Amino acid sequence: MSKIRDAFKNGKAFIPFITCGDPDLVTTAEAVREAARNGADLIELGIPFSDPTAEGPVIQGANIRALRGGVNTDMIFSFVCGLRQDVTIPMVFMTYANVVFSYGAEKFISTCAEIGIDGLILPDIPYEEKDEFLPICRKYGVDLISLIAPTSANRVSMIAKEAEGFIYLVSSLGVTGVRNEINTDLQSIVKIIRENTDVPCAIGFGISTPEQAKMMTDIADGAIVGSAVVKLLEQYGKDAPKYIGEFVKSMKDAVK
């Protein structure tokens, strides 16, 4: 069993997402450390991919910048080994099935376990196709994180019953990105999730302010923020870690 539940043991969790290698891995490492120092409970690390179908323009841009900088999966594995010298909170990879397939699923997932990655999020793998990866994830103790979307409808209970680590509840239709307001009836989805599992549930997509994060954690067990963090990297480049630390602290304070 992974350490992911530890992220939720002290109340509501704040989970930032950071794309590895944007603008470079040294900056990513500092951003992760600042996030951890300032209250992040779990960190999602994005492995860049050339066709990130779930992402809006902000995270797409980060993927392009990272790939242009020459970042690859082996470099990211080495980078995580370095982080694990001092970063103890749970960390998960978010990437796409092609990245895992092209590396070799067993080799990829076994390496995740070796370097201290606790879970894997693959947004382009539907529930019905998760068995391509789930047995290997279980073999090596890496949680395969399930996503539930507003369109999951009668599949919510089915997905929740088999969920591991935490459930990633997508707040609204479309791709990642900042939204002014989130109008999905998330309470009713969370109610179904809680009737079927005790696995924690965190809401992501569109959250960018402390007020939104608080609203989401009033409903669920955690809030996930990606685009707002990646925007700071785009804006400040190598100087971004300091601003990311301040942002994470404001969000964590809001969800406590």
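L45 stands opposite F93 in β3. The model is predicted, so local features need pLDDT of at least 70 and side-chain atom pairs count only at pLDDT 80 or more, while totals for chains, interfaces and linings use all residues. Residues are numbered from 1 along each chain as its sequence is written, and side-chain values use heavy atoms, without hydrogens and water.

Strands β2 and β3 run parallel and are joined by four bridges; two strands pair if DSSP finds at least two bridges between them. Both belong to an open sheet of nine strands, ordered β5-β4-β3-β2-β1-β9-β8-β7-β6, with parallel pairing. Its edge strands, β5 and β6, each pair on one side only. Helix α9 packs on this sheet, touching β1, β8 and β9 (contact: heavy atoms within 4.5 Å). The direction of α9 makes about 140° with that of β9; axes are lines fitted to C-alpha atoms, for helices over the stretch in contact, and angles run from 0 to 180 degrees between N-to-C directions.

Helices (H or I, at least four residues) and strands (E, at least two) are DSSP runs numbered from the N terminus.

| Element | Residues |
|---|---|
| Strand β2 | 43–46 |
| Strand β3 | 91–94 |
| Helix α9 | 210–219 |
| Strand β8 | 201–204 |
| Strand β9 | 222–225 |

The whole structure has two cavities of 30 Å³ or more. A cavity is a set of points on a 1 Å grid over the protein atoms alone where a 1.4 Å probe fits but cannot get out; lining residues have an atom within 4 Å of a point. β1 (13–19) and α2 (57–68) are the elements that give two or more residues to its lining.

How values were computed:
On a 1 Å grid over the protein atoms alone, a cavity is a set of points where a 1.4 Å probe fits but cannot get out, and a pocket is an open set with protein on both sides within 12 Å along at least five of seven lines; lining residues have an atom within 4 Å of a point. Grid points are joined across faces, edges and corners, and a volume is the space filled by probe spheres set on the points.
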